[in-house]
Amino acid sequence: MKLKRLVTGACILLVVAELLLVLVSWMLSASMTEDVRPLLSNEGVRWFFGSFTNFLSTPLLVFLLLLSMAWGCLSESGMLSGSPLRRSPDSQLRRARRFALITLLVYLFFVLALTVIPHAVLLSATGRLLPSPFSRALVAIVSFGIILTASVYGLVSRRFTSLSDVVSSLTSGISCAAPLLLLYVLLVQFIESLRFVFL
């Protein structure tokens, strides 16, 4: 609840800052200040509508989506609390932990096989780990590992009764991260507007 209030306050602040930037850029250009491009000019309006999606489509947006899905699956699976939705015997929880651990180890083995051995697929052309396809996909690799492990735990512990429950957990994570996604949109637009006006 406190986080939502903070994000809401930050979003309102960014909207007000954007409106002030529009006004200030117009006033500075009207006073013939050099190197200032107003957002209300023909060029500014074309820039805003023509570049809006390009500024938002960054790897950071993808990372936010993937991590939010992983968080949703992890929290809904009961893996963090160690208790399923329905009362289950301790043996079932132990079995769920065991299957989740095996899944995680197998997943880590495949990731290591793609990165550690010489001439591995995810290494760079020079054989380095950084930078490489592995480093660029690290957030996706971690997110998928969390989703896979939590899904297995949830299914075996009966917290998830079907694959539709797994899908619902992924979308619930996105729903929880929705305020952060809105904050991302407003923040990126404000930063790019500053760059357009003054740089």
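**Close-up views of a predicted model**

**View 1. Gln189 sits in helix α8.** The model shown here and in the other views is predicted. Gln189 has a relative accessibility of 6% and therefore counts as buried, the cut-off being under 20%. Beyond its neighbours within four places in sequence, Gln189 contacts Glu18, Trp47, Phe48 and Phe52.

**View 2. The largest nonpolar core has 13 residues.** The members that touch the most others are Leu21, Leu39, Trp47, Val188, Phe196 and Val197. Three elements each supply two or more residues to this core: α1 (2-30), α2 (42-56) and α8 (178-198). The top contributor is α8, with five residues. In soluble globular proteins, nonpolar side chains tend to be buried together.

**View 3. Phe196 is one of the core residues that touch the most other members.** Its neighbours within four places in sequence are left aside here. The remaining contacts of Phe196 are Arg37, Pro38, Leu39, Glu43, Gly44 and Trp47.

**View 4. Helices α3 and α7 pack with their axes 7 Å apart.** Helix α3 spans residues 59-76, and helix α7 spans residues 163-176. The angle between the two is about 120 degrees. The pair is therefore oblique. The crossing is right-handed. From α3, the contact takes in Leu65, Ser68, Met69, Gly72, Cys73 and Glu76. From α7 come Ser169, Leu170, Ser172, Gly173 and Ile174. By class, this contact comprises five nonpolar, five polar and one charged residues.

**View 5. A cis peptide bond links Leu130 to Pro131.** Omega is about -15 degrees. Pro131 lies in the loop between α4 (90-113) and α5 (133-136).

**View 6. His119 has a positive phi without being a glycine.** The value is near 60 degrees. His119 belongs to the loop between α4 and α5. With a relative accessible area of 81%, His119 is exposed.

**View 7. Arg158, also not a glycine, has a positive phi.** Here phi is about 70 degrees. Arg158 is placed in the loop between α6 (138-156) and α7. Its relative accessible area is 40%, so Arg158 is partly exposed.

Terms used
Residues are numbered from 1 along each chain as its sequence is written. This is a predicted model: local features need pLDDT of at least 70, side-chain atom pairs count only at pLDDT 80 or more; totals for chains, interfaces and linings use all residues. Side-chain values use heavy atoms; hydrogens and water are left out. Axes are lines fitted to C-alpha atoms, for helices over the stretch in contact, and angles run from 0 to 180 degrees between N-to-C directions. Helices (H or I, at least four residues) and strands (E, at least two) are DSSP runs, numbered from the N terminus. Angles under 35 degrees count as roughly parallel, over 145 as roughly antiparallel, 65 to 115 as roughly perpendicular and the rest as oblique. A crossing is left-handed if the near helix is turned anticlockwise from the far one by less than a right angle, and right-handed if clockwise. Contact means heavy atoms within 4.5 Å. Ala, Val, Leu, Ile, Met, Phe, Trp, Tyr, Cys and Pro count as nonpolar, Asp, Glu, Lys and Arg as charged, and the others, Gly among them, as polar. A nonpolar core is a set of buried Ala, Val, Leu, Ile, Met, Phe, Trp, Tyr and Cys residues joined through side-chain atoms within 4.5 Å. Buried means under 20% relative accessible area, exposed over 50%, partly exposed in between (1.4 Å probe, protein chains only).
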